[in-house]
Amino acid sequence: MKIIKQHVLPIAFVLFLLGIDQLTKYLAVVHLAPIREFVLIDGVFSLLYHENSGMAFGLFQDGRWVFVGLTILAMGFFVYYYLSLPRTRYHSIMRFFLLMLMGGALGNFVDRLIQGYVVDFFYFSLINFPIFNVADIFLVVSIFALAIMILFVKEPKSGLL
């Protein structure tokens with residue numbers, strides 16, 4: 001039972017997040033690509049199909065193999081860091097966000113590896129925010145949460161949180 005809790009459940013969670021991301025991208029390709037854009041709130045938010053061969057915010061276009069290599073290195077670091085964390089409640093929260101980070105990284109990794117680009121489709125036109133996807137949401141939320149924890153949340157001495 002301990003092996004399942006320590007290894008199988010975390011892997012299943014990462015695969016679940018990967019599945020959600022890939023399902024939404026599949027739906028975007030099938031339903032959104034033919035029409036290009038579906039406006040949900042005029043002048044504010046739409047679903048806009050975009051194939052991004054770069055990284056965040058469209059930077060470094062056509063760097064497919066660089067991104068693949070960097071993702072493999074980053075995933076190795078994330079797994080190592082995840083496994084090295086003590087088994088406390090405080091670190092359980094950190095592990096949760098590390099798993100979310102891995103799920104997001106794998107979502108975009110799969111796209112880059114197989115297609116050479118990442119499918120993006122959420123677009124906030126009101127502020128002209130870069131188009132993004134579900135994996136990007138996982139990445140941003142997890143990085144933000146981890147940064148807050150590392151910078152501002154102190155581990156309780158009693159082991160309680």
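Let me start in the sheet: Leu47 has Phe122 of β3 as its bridge partner. This is a predicted model, so keep that in mind throughout.

That bridge belongs to the pairing of β2, residues 45-52, with β3, which is antiparallel and runs over 6 bridges. The sheet itself is open, with 3 strands in the order β1-β2-β3 and antiparallel pairing. β1, residues 37-41, and β3 are the edge strands; each has a single partner, so one side of each has no neighbour in the sheet. From one strand to the next, the twist averages 30 degrees.

What packs on the sheet? Helix α1 does, and α1 touches β1, β2 and β3. The direction of α1 makes about 80 degrees with that of β3.

Now to helix α4, residues 134-152.

At the N-terminal end, α4 is capped by Asn133, which places a side-chain oxygen 2.9 Å from the backbone nitrogen of Ala135.

Which residues of α4 are buried? They are Val134, Ala135, Asp136, Phe138, Leu139, Ser142, Ala145, Leu146 and Met149. As background, an α-helix has 3.6 residues a turn, so residues three or four places apart point the same way. Keep that in mind when reading the list. As for what they meet, the buried residues of α4 pack against α1 (2-32), α3 (89-115) and β3 (118-124).

That brings us back to β3, which pairs with β2 and also packs against buried residues of α4.

Definitions and conventions:
Residues numbered from 1 in each chain as written. Predicted model: local features only at pLDDT ≥ 70, side-chain atom pairs only at ≥ 80, totals over all residues. Heavy atoms only, no water. Buried < 20%, exposed > 50% of the residue type's maximum accessible area, 1.4 Å probe, protein only. Helix = DSSP H or I, 4+ residues; strand = E, 2+ residues; numbered from the N terminus. Contact = heavy atoms within 4.5 Å. Polar contact = N/O pair within 3.5 Å; in protein donor to acceptor, adjacent residues only side chain to side chain. Pairing = 2+ DSSP bridges. Axes fitted to C-alpha atoms, helices over the stretch in contact; angles between N-to-C directions.
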